Every structure is written in C-alpha cells, then in structure tokens.
Amino acid sequence: MAKELHSLGWDYLMFALFVAFTVFTPLWKRLFGKAKQRSKADYVFATGGVSLIAVMISIARGTLGVRTVLGYPSELYYYGTAMWEVIYGMASAYPIVCFVFVPIYFNLGITSVYQYLDLRFKSLVVRRLASANYIVRQICTLGITVYTPSVALSTVIGIPYWASITGMSIICIFFSIKGGLKAAINADVIQTVTVILVSLAVIIKGTIFSGGVKRVYEINRNDGKFTEHKAKKKKINK
C-alpha cells in the first residue's frame, strides 16, 4: 500500500531532484549555454563530444531497463533460478553482433539494419516493412515500459497512474526533441550508475538484515530457489 501523505515529503523531494538532475544535466548546455547550429549528424548520431565509456554504458543500459530491474527479481523470487537461462542467449548474441554484424555495417557506411536490407534486396518495400515491424514492436514495448514504473511509483509514493504516465511521456518527448542522442547517452550514464549503486546498497543492506551471506544462501536453498525443476513445478501447480 502507498504511504500516508505526511510521510512522503522526503520521497517526493528525492524523486523530484533525481528527475530534474537526470533531465537538466544532459540538457544544460543546450538550454542555458551559448546557442550554436547543430547538424543532423550531431543530433541523430551524437558526433563528437561523447566518450567511448559513455557509449558503452549507454549500450549496456539497453539491457538494464525498468523491466529488468523490476521484473527479473520478482521472477527469480517466485520461480527460482530458471530465469538465468536468459543470460546464455545474451552472452552468445553480443559477440556475434560485435564481431559479425557491426563490421559489415561499418564497412558499408550504413547505420541501421534497414539500410542493409535495402542494399541487400534492392527493395524499398522490404526496408519499409522491416521498419514498420520495428515501430509496432516498439509501441507495444513502450506501453509496458511506461506502465511498469507507474505501478512502482503508485505503490511506493502514491502517484496516480495517469499522472506518472503523462509526466514520463512529456519529459521523454521534451528531452528527445531538445537533446538528441548525445543527451540520451549522458542520461543513460547517470541512470545506469544510479541503478547499480542503489542495487548494491539494497543487496548489502538486505544481506546484513537477513543475517549474512551464508544465511541468505540457506534460505534460498531451503525454499528451492536454486532448483530449476522445483521452480517449474511450483509454477505449474499454481
């Protein structure tokens, strides 16, 4: 249940400060600095001024989204370690993408798979069909992406669904229009570092509260969390 209103002062303050910091820090020069003409490449591809480390963190942020942070822990809690099987596919997919697909795109001077499909099949129809498929998929995905944190915000600090969904949509649209890819990368760095630090703090605090690493292991072992077959059987029985 949501907390009482009088006890939410610090929660609302920290939430507002973090949102403001995440939004305005990457946009500071754009909003308050000296205005300068930007090219299409600057806006879309963030040419210049972005470090390799920031780009790497931003790419990693793609697998550390809200569904991962909120969904995976609950899945592991209820159904055991079967969820770890996802890592096998991820660990094998990334090297293939890095060493097979990216060099091909780089040598061809293209920036997306849709350009490659156009060149490969010499058909604009194929390119548009692939692009339309991706757009539909992203619309469905964004619905879940926006709704999931709304549930968390409603549960923790009592923000109504409509308010959080509307607020996130407005902030994201404003941020994307004003900042472009460079601002998105900088925001990803801030959010990724914050998520990792907060997750470590929660893990350490929870481990200490539970009685130590050994006690945490014993609790999970006794409850069958490390046994995939038991987890699947428990899921089927439910």
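Guide: Throughout this conversation, buried stands for under 20% relative accessible area and exposed for over 50%, with partly exposed in between (1.4 Å probe, protein chains only). The model is predicted, so local features need pLDDT of at least 70 and side-chain atom pairs count only at pLDDT 80 or more, while totals for chains, interfaces and linings use all residues. Residues are numbered from 1 along each chain as its sequence is written, and side-chain values use heavy atoms, with hydrogens and water left out.

Visitor: Understood. How many helices and strands does the protein have?

Guide: The protein has 10 helices and zero strands. Both are DSSP runs numbered from the N terminus (helices: H or I, at least four residues; strands: E, at least two). From the N terminus on, the order of elements reads α-α-α-α-α-α-α-α-α-α.

Visitor: What share of the residues counts as buried?

Guide: Of the 238 residues, 16% count as buried.

Visitor: Which residues does the UniProt annotation "transmembrane region" cover?

Guide: The unreviewed UniProt entry places that annotation on residues 12-31, 43-66, 86-108, 159-177 and 189-208. UniProt positions are given in the numbering used here, feature names are shortened, and annotations may be inferred rather than shown by experiment.

Visitor: And how far apart are the end C-alpha atoms of residues 12-31?

Guide: They lie 25 Å apart, and the span is 100% helix and 0% strand. For residues 86-108 the end C-alpha atoms are 32 Å apart, again with 100% helix and 0% strand.

Visitor: Changing topic: which residues form the nonpolar patch on the surface?

Guide: The patch consists of Ile 96, Val 97, Phe 99, Val 100, Phe 101, Val 102, Ile 104, Leu 108 and Leu 119, with about 810 Å² of accessible area together. Patches are made of residues with over 30% relative accessible area and no salt bridge; like charges are joined within 9 Å, and nonpolar side chains (Val, Leu, Ile, Met, Phe, Trp, Tyr) within 5 Å. The areas come from the Shrake-Rupley method with a 1.4 Å probe, and for residues only the protein chains shown count as cover.

Visitor: Which helix gives the most to the patch?

Guide: Helix H5 (residues 85-108) does, with eight residues. Val 102 is located in helix H5, and Val 102 counts as partly exposed because its relative accessibility is 42%.

Visitor: How many aromatic pairs are there?

Guide: The count is three aromatic pairs. Rings of Phe, Tyr and Trp (its six-membered ring) pair if their centres lie within 6.5 Å; planes under 30 degrees apart count as stacked, over 60 as edge-to-face and the rest as tilted. One of the pairs is that of Tyr 105 and Tyr 116, which is tilted, at 6.1 Å centre to centre and 55° between the planes.

Visitor: Where do Tyr 105 and Tyr 116 lie?

Guide: Tyr 105 lies in helix H5 and Tyr 116 in helix H6 (residues 113-121), so the pair ties together parts that are 11 residues apart in sequence. Tyr 105 is buried at 18% relative accessible area, whereas Tyr 116 is partly exposed at 28%. Another pair is formed by Tyr 147 and Tyr 161, whose ring centres are 5.7 Å apart with the planes at 65°, so this pair is edge-to-face. Tyr 147 belongs to helix H7 (residues 124-157) and Tyr 161 to helix H8 (residues 161-210), 14 residues apart, and the pair links distant parts of the chain.

Visitor: Is Tyr 147 buried or partly exposed?

Guide: Tyr 147 is partly exposed, with a relative accessible area of 42%, and Tyr 161 is also partly exposed, with 35%.

Visitor: How many salt bridges does the count come to?

Guide: The count comes to two salt bridges. The criterion is a side-chain nitrogen of Lys or Arg within 4 Å of a carboxyl oxygen of Asp or Glu. Asp 118 pairs with Arg 127, their closest N and O atoms being 3.4 Å apart. Asp 118 is partly exposed at 21%, and so is Arg 127 at 28%.

Visitor: Which side chains meet at 3.9 Å, N to O?

Guide: Those of Glu 218 and Arg 215 do, in a salt bridge. Both residues lie in helix H9 (residues 213-222), three residues apart, about one turn of the helix. Glu 218 is partly exposed at 23% relative accessibility, and Arg 215 is partly exposed at 40%.

Visitor: Lastly, how many disulfides does a search of the whole structure find?

Guide: The search finds zero disulfides, the criterion being a pair of cysteine sulfur atoms within 2.5 Å. Cys 140 is exposed at 52% relative accessibility, while Cys 172 is partly exposed at 48%.
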